[in-house]
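Biologist: I have not looked at this one before. Can you walk me through a few parts of it?

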Amino acid sequence: MSEFDFDLFVIGAGSGGVRLARMSAASGAKVAVAEDRYLGGTCVNVGCVPKKLFVYASHVMEELEDGEGFGWSNSGDLNFDWPTLCENKNKEIGRLNGIYQNLLENSGAKIINGSAKLVGPNIVQVGDQQYTSERIVVATGGWPRKLNIPGNEHIITSNEFFYLDTLPKSAVVQGGGYIAIELAGILNGLGVDTTVVFRGEKLLRGFDEEIRDFVAEQVQNKGIKLISHTNIDSVTHCDDSYQVYLSDHEVLQTDLVLTALGRVPKVDGLGLEDLGVELKPNGAVCVNDDFQTSVPSVYAIGDVIDRVQLTPVALAEGMYLSKLFFADKKPSSVDYENIPTAVFCQPNIGTVGLTEEQARESFNVDVYASSFKPMKHTMSGRNERSMMKLIVDKDTDKVLGAHMVGPDSGEIIQGIAIAIKAGATKSVFDSTIGIHPTAAEEFVTMRQAR
């Protein structure tokens, strides 16, 4: 018999933790997973899933308005009810929570409710109970970052946003990253007067520069106000609204202040430092290529290691560890190159591979780009454009990156990502027959480099 209670103890039942726990348990290992909040982690409860549902909700009015150009009358009495949206969202999340529970239980994993803390290299304490395990994996994810400024208590994060009792008439969103611009798009689409305040020159640092400029133009066309080069210094509450004092001395009055400055690794209370687990300055857990920490029996995956904060990446890391621990042979390493991603701002962004700026640092490149009004809006009359861009290595003809702004960008780029992962050349793109009439065919019909 094993000298431990478990072969594997996972702390955190988010996407990566659940994948690791259930796949390991299904292989015959004795597995426990501890969770102190909700099954499914950030993605299911206060991230990807509710965000996408709210994006759908926020786009309905545009669809109704666009219908007039196609002969539909929009003269009826239309009302939006925020509590109904939130109630239906909560039902869907409850359903997904149940699915995660069934996946774990049916695999044979033991779910332990409560906050877990490492008290030894092989010991985890949850409440008053201690458990021993041959291996421990930290998969606690991240937590919204907030600045320590006067009036901080008046500011909410994405966690609270999805559970607001009422929809505000106006909102100030702090941050220039993808979470900020996604939530700003939701608020704006639901009729909220929305202002985004960010300290940088442009939105979406790290994305292709041309894409950044194009998105900024498009979201402003939809009515979102952008204030760059600015921080929020303080917030005060006055009657039923808030006064937001900016670093440029401007004062904004608003019904809601929401901060979206990214997320930090959720490591507080885990006992990692006391155990000798090495952490980065931002709290991220340091791991090697096998996700092993400085304490040999302790591993970490997902947002808590702050490599790539994406749900599918955490899933891949969890799958890797399950195979590493319990499969017959060592698995292939997780590949962090050419990871596709989407930003569900409005219009959406889809991207994979290198930006133009990154590519020019190492390659002799050709750039193919196209900007156009989507076919739908030639009749709807909406002032919205799409953009597509390919980055190509001129010496090898290999496609290094693909970027898109427009409806369903994420759906389109997922397919393009497979081609780029397979090493497709521009000639392969050119020889591919397009599907007509679609926006996606633009990726195989762009012939002239600029």
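Modeller: One term to begin with: contact means heavy atoms within 4.5 Å. This is a predicted model, in which local features need pLDDT of at least 70 and side-chain atom pairs count only at pLDDT 80 or more, while totals for chains, interfaces and linings use all residues. Residues are numbered from 1 along each chain as its sequence is written, and side-chain values use heavy atoms, with hydrogens and water left out.

Biologist: Start with serine 115, then. What is it in contact with, leaving aside its neighbours within four places in sequence?

Modeller: Serine 115 is in contact with Asp36, Gln125, Val126 and Gly127. With aspartate 36 there is a side-chain to side-chain polar contact of 3.3 Å. A polar contact is a pair of N or O atoms within 3.5 Å; within protein, one must be able to donate a hydrogen and the other to accept it, and residues adjacent in sequence count only if both atoms are side-chain atoms.

Biologist: And where is the place of serine 115?

Modeller: In the loop between strand E3 (110–113) and strand E4 (116–120). Helices (H or I, at least four residues) and strands (E, at least two) are DSSP runs, numbered from the N terminus. The C-alpha atom of serine 115 is separated by 8.5 Å from that of glycine 269, 154 residues apart along the chain.

Biologist: Why does serine 115 count as partly exposed?

Modeller: Because its relative accessibility is 49%. Buried means under 20% relative accessible area, exposed over 50%, partly exposed in between (1.4 Å probe, protein chains only).

Biologist: What about serine 107, buried or exposed?

Modeller: Serine 107 is buried, because its relative accessible area is 14%. It lies in helix H4, and its side chain reaches the backbone nitrogen of alanine 109 at 3.5 Å. Beyond neighbours within four places in sequence, serine 107 is in contact with Arg22, Ala25 and Ala26.

Biologist: Since H4 came up: at what angle do the axes of H3 and H4 cross?

Modeller: At roughly 145°, and the axes come within 10 Å. Axes are lines fitted to C-alpha atoms, for helices over the stretch in contact, and angles run from 0 to 180 degrees between N-to-C directions. From H3, the contact includes Val49, Pro50 and Leu53, and from H4 it includes Trp82, Leu85 and Cys86. The residues divide into 10 nonpolar, no polar and two charged. Here Ala, Val, Leu, Ile, Met, Phe, Trp, Tyr, Cys and Pro count as nonpolar, Asp, Glu, Lys and Arg as charged, and the others, Gly among them, as polar.

Biologist: How do the axes of H3 and H6 cross?

Modeller: Helix H3 (residues 48–66) and helix H6 (residues 178–189) have axes that come within 8 Å and cross at roughly 35°. Lys51, Phe54, Val55 and Ser58 in H3 meet Glu182, Gly185, Ile186 and Gly189 in H6. By class, that contact has three nonpolar, three polar and two charged residues.

Biologist: New topic, the open sheet. What is the order of its four strands?

Modeller: The order is E10-E9-E8-E14, with parallel pairing. Two strands pair if DSSP finds at least two bridges between them. Strand E10 (225–227) and strand E14 (257–259) are the edge strands, each pairing on one side only. The twist averages 20° from one strand to the next. H6 packs on the sheet, touching E8, strand E9 (193–197) and E14, and its direction makes about 170° with that of E8.
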